[in-house]
Each structure stands twice: as C-alpha cells, then as structure tokens.
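I opened the notebook to record what I looked up in this structure. The entries follow in the order in which I made them.

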Amino acid sequence: MSTLTKITTVESKLFLRDSTSAVMTFAVPIGILVVFGSIGFTEGDDENNVSAGFLPVLSLALAAAMLGLSVLPTVLATYREKGILRRLSTTPVHPVNVLAAQLLVNLVAAVGAAVVVLALGAVSFDIGMPENPVGFLLAFLLMASSLFGLGLLVAALAPTGKAATSIGMLLFFPSMFFAGVWTPGDLMPEWARPVRDVSPLGAGMEAMQSAWDGHWPGATNIIALLVVTVVAAAVSAKVFRWE
Amino acid sequence: MPIIEVRNLHKAYGSTVAVDDVSFEVEEGEIFGILGPNGAGKTTTVECIEGLRRPDGGSVSVLGLDPIRDRMDVRRVLGAQLQESELPEKLTAAEALDLYASFYPSPANPAELLDDLGLADKAGTRFEKLSGGQKQRLSIALALVGNPRIAVLDELTTGLDPQARRDTWQLIEQVRARGVTIILVTHFMDEAERLCDRLALIDGGRVAAIDSPAGLISRVSTEQTLRFRPSAPLDEAVLTALPDVTAVSREGAHYVVTGTGNLPYTVITTLAAHDVVAAELRMDQASLEDAFVAMTGRSFEPQIAA
C-alpha cells in the first residue's frame, strides 16, 4: 500500500470516529432537507427567481462549507498545534501527505453527503435531479475546491485548533448570508447580489441552481470559484507552517 | 569512527542565540547525554541532528550524511522522540505504530514492539485514553519502529511519576542493548547520571564539559564525607592517623570524616578493629549538580516539578 493510501485510510477512520465531523457532514444537510422538505419547501419560486433545486443545493452547499471552513482547518491546525505534523517531519514521509489525505477524506465526505441528500430529496420529497448533471457536478466540485482552499488558508494562518474553528465560523456565517441562505433568489437585497455572484458559497450555489434547471453554470460564478481556489491554495502553500 | 559529529554548531532565532558554539562526537552503541538547564540550547542542538533545523554555522554529520542535504537517508536511520509531540486523539496505539512502520524500508514488527514496551494490552486503546507513561512509551516505540541505528530522545521522562521514570530508564537500557546508539536530552541530573555513558554539559549555548558522569564529578572533587555515630567512645586520633582521612570533626554525638581514596572501607575496618560500630552511617559525594555548578559558575535552575 502506498504511503498516501495508508495515511488516507487512517485519516478516514479518524474522521468517522469524530462525531462532530460526522454530524456536520451528514446530519445537518439531511436535517435541513427533511425539515424544509416536510413543510413543503420543495417547489421553486419563479416570481422570486428561486430554483426548485434550492433546497438540495442549500443542503449540500452547507455540508461542503462545514467541511471546508470548519472540519478541515480545525483538524490541520490541531495537528500542527499538537506537534503531529512536526513529528512526521522526522520520518522519511513528508507531512504534506497528511494534508493531501485530509483533502481527499473531506472531499469524499462532501461527495458522500451530496449523494445522500440528492437521493433522499428525489425519493422522499420528489424534488427530482439536476437537469444538467455534468454542469452540476462541475459546479459542486469547484465550490468544494474553493471552500477547501479557504479552509487550508485558515489552517495556515490559525495558530491553534481552537483559533481555526473560530476563524472558520467567522467566515461561515457571512458566507451563508451572501449565499442567500435566508434570502434566496430575488429576495436578496440588491446591494448584496454582486457579493453573492463571486463569494465561494454564493457562486457555488448559483452555479448549481443553474445546472439544476438545465443550464450551464454562469461564467462569473465559475471564474470566481476558480480564482478563489487558485489564490487560496497559492497563498496557503506559501504561508503554511508545519510546526 | 564516531556515528555523529557536531562541529562548531551555531543557531540563532532572530537576535536570540540558541546555540552558540557546540561540538561533540557520539560513538556507536553508547548512550550520550546532553544535559543542561532549560534554555541551554539542548533541543535546538538535537533538532539540527534530526534535520528539523538548518544550522546557521558549523556542521553536523550523521553516519557521514548531512541531515539537511541527505534528509531522506538520515530519516531512515534516525528515530526521534520529540518533546511535547502528540498523536491524533482517536488513533489507537497499534494503528499509530502500524502507520509509522509503513514509512520505513525495513521496520520492526509493530506487535513485538508493543509487547517489548509493555503496551500489548493497550494496542486497541486510543491515544487520548493512554496515561502519561503509556503515551511516553508509545512515543519511544514510534522512535524505534523504523529499526533506527540512532534514537534521539528529548526530555524523555518529564511529567512522569517516579515509578514510570524508573521503568522508562530500564527500557532505554534495553534499547541500547539491541545496539541502538542513543542521544538523550535531559535536564534531570539523576537521569543523566544513571543512564549516560558520556555526557555533554551544555550551558548558554556552549559545551561546558564532556565526560562520563563519574569523570565529570571527579573533576570537581574527589572528596567524600562519612557521617556516623560511634557505638562506643572513640579517640579521634585513631581516624586522623589514617592516610586517606583529611579531616575529622564532631557534631554532637556524630563524627564527620572527610577524605579521599577508599574512605568507607578504611574507616569502617579501623572502627571494627577498635570494636566500634558506625551507627546511622551516611556517605556524601560530590554530585553531577556540584560538577555543573563548578564548571559553569552558576547554579542549575530549579527543576520545575512537572
């Protein structure tokens, strides 16, 4: 077994053993889907420009955001704080393998949560499936990569695991607002819409909703997600400390 | 040929000089101690050997390799136990060892190692549930799992209770018996005296002396002191006449005899010849701490009870 496979296997076990990450990834999005699905929040709202896919898109966007902005940076910053990355530096294996394994595990968790949410939405609430599945997958992966990129940046800058959790939460709440979690579609105030179009969560949700309705994600959304991913990854690669 | 050579090592962090000028050699198969107060530069010195830090000056050679340039080769033969390094809370002891074993070309058998370190019944226990002593033993196991030729152990017994410390010492002697060369960083005098074949006293980023523990002590003083209460009246002259005795004084009912050579043997046989038994006998010798004070001109920092 290659070193990365071995480390990824161990990191996935640790991920599953941590109840917080499991709850955040699966229980929260499923809960949102079930609660809002049960009260009939499954129809689109053409008048306010809200896609029928808003509810499943919201659920899996929140799952990806919690993984990227909370679970990933907290785990990595804690590993550094406790000297786990430093300890690895004394072995023939570079700690960058742990970082890669963490990204993989969180990505698989995000995809897993997405599959469960979509299946549950289609089967239990008759929400249907994205009309443009390829565009949807692309939008989802880009959103996840930009959120994980931000998570790496938080992990790079936070001195401790607790600090990483706090910074992650500080990013999480405004992200939800600008993504239109409370004000979907045209219900969002005019001034906030440009931020929604380019903020990782907002752009990701818009792109996924377009794909849900059968279109291709808008260029502004895609470019914004790519820029955030590349810039966040480049900056964290530059400032990430292993000890 | 020495297995590790450190020459004029210098390392500063900004304007703070951590290691000023340190040189020493470690021979294969020995336990080499690096002893000094907190902040003396001990950890920085071994971090340069481990390849975790790049020296600002001087050179470090491990088996003829440069820990920075040949980092991969050095890491395969050197196992490290770091100060204050933990593992993920929910990782079990067996998983940790198994994972670390997979990093090395010819690792030790993780199950056997757990057994050797008395952790066999803790194999399935998560790191967060291990006691301080068990965590420390696991940390030693991780340092050994790659079958290293050199093990660097930094502040091995800090935070352990007295029984766990003694157990750990015994363990280190077993490791050495397998042929592993050990560098032991410590600020505990008793630990250094008990375990090390040779040690470097480090103070203020410089080497104050390198010798065996006994050698260091004998540099300061070869005098010993015996204190006892004679079971019958005794003429002081009997003792002062002995060639090994330099002084005799009385403290109430007790005699205090200072001298050199084989003082206890000479004094006790002389007493026996006069039908006197030495009661409440106590012997004092210079300690490693006295040696440190004498060689650095300052007292060893009070040891913080961890």
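**Entry 1: chain B as a whole**

I began with contacts in chain B: among those with a separation of 6 or more, 67% are between residues 24 or more positions apart. I note here that the model is predicted.

I looked up the secondary structure of chain B next and found 11 helices and 13 strands. Chain B has 306 residues, and 49% of them are buried. Along the principal axes, its C-alpha atoms fill a box of roughly 70 × 45 × 35 Å.

**Entry 2: domains of chain B**

I asked which domains are assigned in chain B. The assignment gives domain 1, covering 4-218, and domain 2, covering 222-285. Taken over C-alpha atoms, the centres of domain 1 and domain 2 of chain B are 43 Å apart.

I then checked the record. An unreviewed UniProt entry carries the annotation "domain: ABC transporter" for residues 4-229 of chain B. I computed the make-up of residues 4-229 of chain B as 34% helix and 29% strand.

**Entry 3: Val277(B)**

I went to Val277(B), in the loop between α10 (263-273) and β13 (278-285) of chain B. Is Val277(B) buried or exposed? Its relative accessibility is 54%, so Val277(B) counts as exposed.

Leaving out residues up to four places away in sequence, I found that Val277(B) touches Arg229(B), Pro230(B) and Ser231(B). I also took a distance to Ala232(B): Val277(B) is 45 residues from Ala232(B) in sequence, and their C-alpha atoms are 7.5 Å apart.

**Entry 4: two positive phi values in chain B**

I looked at backbone angles with a general point in mind: most residues other than glycine have a negative phi. Glu84(B) has a positive phi, near 50°, and is not a glycine. I placed Glu84(B) in the loop between β5 (78-81) and α3 (93-101) of chain B. Its relative accessible area is 71%, so Glu84(B) is exposed.

Asn147(B) also came up, with a positive phi near 55° in a residue other than glycine. Asn147(B) sits in the loop between α5 (132-144) and β6 (150-154) of chain B. I noted a relative accessibility of 43% for Asn147(B), which means that it counts as partly exposed.

**Entry 5: annotated stretches of chain A**

I turned to chain A and its record. In an unreviewed entry, UniProt lists several stretches of chain A as "transmembrane region", including 134-156 and 163-182. I checked these two stretches in the model.

Residues 134-156 of chain A are 100% helix and 0% strand, with end C-alpha atoms 33 Å apart. Residues 163-182 of chain A are 80% helix and 0% strand, and there the end C-alpha atoms are 27 Å apart.

Residues 21-41 of chain A are also listed under that annotation, and I picked Ala22(A), which lies in helix α2 (residues 19-38) of chain A. Ala22(A) has a relative accessibility of 26%, so it counts as partly exposed. From Ala22(A) to Gly40(A) I counted 18 residues in sequence and 27 Å in space, C-alpha to C-alpha.

**Entry 6: helices α3(A) and α9(A)**

How do the axes of helix α3 and helix α9 of chain A cross? The axes of α3 (residues 54-81) and α9 (residues 200-212) come within 10 Å and cross at roughly 145°. The crossing of α3(A) with α9(A) is right-handed.

I listed the residues that meet. From α3(A) they include Phe54(A), Pro56(A) and Leu60(A), and from α9(A) they include Leu201(A), Met205(A) and Trp212(A). By class, this contact has 11 nonpolar residues, one polar residue and no charged residues.

I followed Trp212(A), in helix α9 of chain A. Trp212(A) counts as buried because its relative accessibility is 3%, and the cut-off for buried is under 20%. Beyond neighbours within four places in sequence, its contacts include Ser51(A), Leu118(A), Ile127(A) and Phe136(A). Trp212(A) lies 63 residues from Gly149(A) in sequence and 25 Å from it in space, C-alpha to C-alpha.

**Entry 7: Ser89(A), with contacts in both chains**

I ended at Ser89(A), in helix α4 (residues 84-89) of chain A. The relative accessible area of Ser89(A) is 11%, so this residue is buried. Setting aside neighbours within four places in sequence, I found Ser89(A) in contact with Pro95(A), Leu52(B) and Arg75(B).

How values were computed
Residues are numbered from 1 along each chain as its sequence is written. Chains are lettered from A and ligands numbered from 1 in the order in which they are written. This is a predicted model: local features need pLDDT of at least 70, side-chain atom pairs count only at pLDDT 80 or more; totals for chains, interfaces and linings use all residues. Side-chain values use heavy atoms; hydrogens and water are left out. Axes are lines fitted to C-alpha atoms, for helices over the stretch in contact, and angles run from 0 to 180 degrees between N-to-C directions. Helices (H or I, at least four residues) and strands (E, at least two) are DSSP runs, numbered from the N terminus. A crossing is left-handed if the near helix is turned anticlockwise from the far one by less than a right angle, and right-handed if clockwise. Contact means heavy atoms within 4.5 Å. Ala, Val, Leu, Ile, Met, Phe, Trp, Tyr, Cys and Pro count as nonpolar, Asp, Glu, Lys and Arg as charged, and the others, Gly among them, as polar. UniProt positions are given in the numbering used here, feature names are shortened, and annotations may be inferred rather than shown by experiment. Domain bounds come from an automatic or database domain assignment. Buried means under 20% relative accessible area, exposed over 50%, partly exposed in between (1.4 Å probe, protein chains only).
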